[in-house]
Amino acid sequence: MADILPPNMLNERPRTPAGLLSNQEKDRLIERGFLGLYRWYTARSQETRNWNPDRSFDWRHMNQNLPPEVITIIQGFFAVEQYAPDFTSNLVNLVRRSHGRSHFQLRWGSEEEKHADAWENAVLFSGQRSPAWIAEYKDRLRSQTWELPFPDAIHNLVYTVFQERATQLNYLNMMKIAQGRSEKPHLRGVTDPVLAKVAQTIAVDEAAHYNFFLEGVRMYLYYYPERTLEAIKNVISQFSMPAATLVPNWQEFYETVYRAGIYGPRDFSRDVMQVAFRNLGIESRKALEEGIRKTREVPDFEGGNFKTTAIWDTFDYGAVEGDVRRLHVKIQDYEKGIGFDLYDPTEFVENPEVPKKPGQAADD
Ligand SMILES: [Fe+2]
Ligand SMILES: [Fe+2]
């Protein structure tokens, strides 16, 4: 059709080639996915993770003789988590037009706020910091504001995937120390069942957060592979834990965490990046960078979306499609339980740009 149009009419052709989803339609599908996921998440959060930072722990029986390193670490955990209002307000603002995402961020914020209160209780009941010291510390932290690490929604979404997984890992390793399972000589023999329960309870929340954001990134990866892979590449190239520039004596905290065997660059690479990559069908950082480089070499013809042909080799799109389908089945089951399906069920719509695996029927 293009070759019979006079040149001055070329701009009037529809930007979306026939048979492909428009960006508007993709955005609508992603929004529906987020909305369904958010409602499922909220119900599950209330049913299974409805703990309270004061009442759920036997604070009076916290170990009063924890080593100073452990106190430094708990204090740092508290410092990061107490920026929950900044994290939440910034993220809500960024995604305020999306019902599913903005309401989720409120729910998420209410969970992060519990983490801050639980860690503050742990600092207090350790008996090693006075209430006056804690008040002053908090005042110092609150005099600064946490800002978004990236200007746009997709980069921040990707960032939170890595950040939630890293946080979960930090807390699981703290739990291990409090259970007396540390391999480090200076922490051997430390036990505190109260602290172990706090770390474990919060780690379970962080795992749920990780999963929510991961499902979101999968949807973006499925409908917008190129810009999502770019965002992943950018985020991992400059990843650091939130509030690293705001917390006083961050370096001391970071080194203590590292020496305790809780978290360091190797843990990030092996237990954060590789895990998230596996969950996103990306083989390795090298494969990701290589794929993006190859995609850039393919010319972008006349506004068509031909560039995406090379991008599909960068990740396991079949696995990601399977995950997005499974997410929709989970949402549909939830909606059937309520009766939403009678009015407006969330449907999975295939992205027609996704190449077919050999042997798969075109309209399968
Ligand atoms: Fe948290
Ligand atoms: Fe979290």
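**Iron pair.** I started with the two iron ions: ligand 2 and ligand 1 sit 3.6 Å apart, and E112 coordinates both. This is a predicted model, where local features need pLDDT of at least 70, side-chain atom pairs count only at pLDDT 80 or more, and totals for chains, interfaces and linings use all residues. Residues are numbered from 1 along each chain as its sequence is written, chains are lettered from A and ligands numbered from 1 in the order in which they are written, and side-chain values use heavy atoms, with hydrogens and water left out.

**Ligand 2.** I listed the protein donors of this iron ion: E112 (OE), E164 (OE), E164 (OE), E206 (OE) and H209 (ND1), at 1.9 to 2.8 Å. Donors here are N, O and S atoms within 2.8 Å of the metal (3.2 Å for Na, K and Ca); water is not among the atoms, so sites may look incomplete. Helices (H or I, at least four residues) are DSSP runs, numbered from the N terminus.

**Ligand 1.** For the other iron ion I found E81 (OE), E81 (OE), E112 (OE), H115 (ND1) and E206 (OE) as protein donors, 2.0 to 2.5 Å away. Their spacing is E-x30-E-x2-H-x90-E. Again a pair links distant stretches: E112 in α4 (residues 99-125) and E206 in α7 (residues 193-223) are 94 residues apart.

Which side of the cut-off does H209 fall on, buried or exposed? H209 is buried, at 0% relative accessibility. Buried means under 20% relative accessible area (1.4 Å probe, protein chains only). I also got 3% for E112 and 1% for E206, both buried.

**Helix packing.** Next I checked how α4 and α7 sit: their axes come within 11 Å and cross at roughly 160°. Axes are lines fitted to C-alpha atoms, for helices over the stretch in contact, with angles from 0 to 180 degrees between N-to-C directions. The two helices are therefore roughly antiparallel (angles over 145 degrees count as such).

On the α4 side they include W108, E112 and H115, and on the α7 side E206, H209 and F212. By class, the α4 and α7 contact has 11 nonpolar, three polar and five charged residues. Ala, Val, Leu, Ile, Met, Phe, Trp, Tyr, Cys and Pro count as nonpolar, Asp, Glu, Lys and Arg as charged, and the others, Gly among them, as polar.

Technical notes. Buried means under 20% relative accessible area, exposed over 50%, partly exposed in between (1.4 Å probe, protein chains only). Angles under 35 degrees count as roughly parallel, over 145 as roughly antiparallel, 65 to 115 as roughly perpendicular and the rest as oblique. Contact means heavy atoms within 4.5 Å.
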